[in-house]
Amino acid sequence: LPVHEADPRRAAAIVHKALEGLKGSTEGPGMLLGVRLAHHLLPTPIGDALLDFTASKAALLSSHMRAPAEPVSWGGLRVEAIAFYAPTRADVGLTVGSLSYRGHVRFFVNADVAVEADPDAIARRLPEALETLRGAAKEPEAGREEA
């Protein structure tokens, strides 16, 4: 994450470029295939240890889930809001996630105190950070005029 980039437009562009690179990469599917094969071919204690070792290398888990844009019902009742938490297999220092449902986005933050003693501080800063990004997205790029 470009935490030292002061310009929100450039920071967003850096993240976007990195994520686009991951989408076309074979790294994720390759890791998933390797973990699944190891887990199914090796004795359970060895497969579990290998999975825990691999997962322990992660410092951040970030996820976004897109739920239906239209309201859904469960047991005959309209679901007004949805919240979720992305479980992790190992000790991941910081977990940030978002879920969009019915045109609204909800965020969650979970942190190991060794990484972030006050995860609520991250959550409190999210609205301001999102407004900064929204404002930057509306501003024309330097040197370009709006059409």
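## Salt bridges

Arg-10 is partly exposed, at 48% relative accessibility. In this predicted model, its side chain meets that of Glu-5 in a salt bridge, 3.0 Å from N to O. Glu-5 also counts as partly exposed, with a relative accessibility of 24%. Why do both labels read "partly exposed"? The class covers values between the buried limit, under 20%, and the exposed limit, over 50%. Asp-7 joins in as well: Glu-5, Asp-7 and Arg-10 are linked in a network of salt bridges.

The structure holds 6 salt bridges. One of them pairs Glu-80 with Arg-102, at 3.4 Å from N to O. Glu-80 sits in the loop between β3 (77–78) and β4, and Arg-102 in the loop between β4 and β5, so this pair ties together parts that are 22 residues apart in sequence. Another salt bridge joins the side chains of Arg-124 and Asp-118, at 3.0 Å from N to O. Here Arg-124 is exposed, at 56% relative accessibility. Asp-118 is partly exposed, at 30%. In general, side chains of opposite charge can pair when their charged atoms come close.

## Overall layout

The protein has 4 helices and 5 strands. From the N terminus on, the elements run α-α-α-β-β-β-β-β-α. Of the 147 residues, 16% are buried. The protein exposes about 11,300 Å², and carbon and sulfur atoms supply 59% of that area.

Contacts across the sequence also deserve a look. Take the contacts with a separation of 6 or more: residues 24 or more positions apart account for 47% of them.

## The three-stranded sheet

Which strands form the open sheet, and in what order? It has 3 strands, ordered β1-β4-β5, with mixed pairing. β1 and β5 stand at the edges with a single partner strand each, so one side of each has no neighbour in the sheet. Neighbouring strands are turned by 10 degrees against each other on average, direction ignored.

Strand β1 (residues 60–66) runs parallel to β4, and 7 bridges join them. β4 and β5 run antiparallel, joined by 8 bridges. Strands of a sheet pair through backbone hydrogen bonds, either parallel or antiparallel. Thr-95 shows both sides. Leu-61 stands opposite Thr-95 in β4, and in β5 the bridge partner of Thr-95 is Asn-110.

Is β4 enclosed or open? It is largely enclosed by the rest of the structure, because 7 of its 8 residues are buried. Ser-100 lies in this strand. Its relative accessible area is 16%, so Ser-100 is buried. The bridge partner of Arg-66 in β4 is Ser-100. Leaving aside neighbours within four places in sequence, Ser-100 is in contact with His-64, Met-65, Arg-66, Ala-67 and Val-105.

Phe-108 lies in strand β5. It is buried, with a relative accessible area of 13%. Its C-alpha atom is separated by 9.6 Å from that of Pro-119, 11 residues apart along the chain. Helix α4 (residues 119–138) lies across β4 and β5, running at about 150 degrees to β5.

## The β4–β5 turn

Arg-102 is found in the loop between β4 (94–101) and β5 (104–111). The hairpin has 2 residues between its strands. Which backbone angle of Arg-102 is positive? Its phi is about 60 degrees, although Arg-102 is not a glycine. With 23% relative accessibility, Arg-102 counts as partly exposed. Its side chain is the one that meets Glu-80 in a salt bridge.

## A nonpolar surface patch

Leu-33, Leu-37, Leu-41, Leu-42, Ile-46, Leu-50 and Phe-53 make a nonpolar surface patch of about 680 Å². Helices α2 (27–41) and α3 (44–55) each supply at least two of the patch residues.

Ile-46 is placed in helix α3. How accessible is Ile-46? It is partly exposed, with a relative accessible area of 47%. Patch members need over 30% relative accessible area, so Ile-46 passes that cut-off.

Methods: Residues numbered from 1 in each chain as written. Predicted model: local features only at pLDDT ≥ 70, side-chain atom pairs only at ≥ 80, totals over all residues. Heavy atoms only, no water. Patch = residues over 30% accessible without salt bridge, like charges linked within 9 Å, V, L, I, M, F, W, Y side chains within 5 Å. Areas by Shrake-Rupley, 256 points an atom, 1.4 Å probe, with all protein chains shown as cover. Salt bridge = Lys/Arg side-chain N within 4 Å of Asp/Glu carboxyl O. Buried < 20%, exposed > 50% of the residue type's maximum accessible area, 1.4 Å probe, protein only. Pairing = 2+ DSSP bridges. Contact = heavy atoms within 4.5 Å. Axes fitted to C-alpha atoms, helices over the stretch in contact; angles between N-to-C directions.
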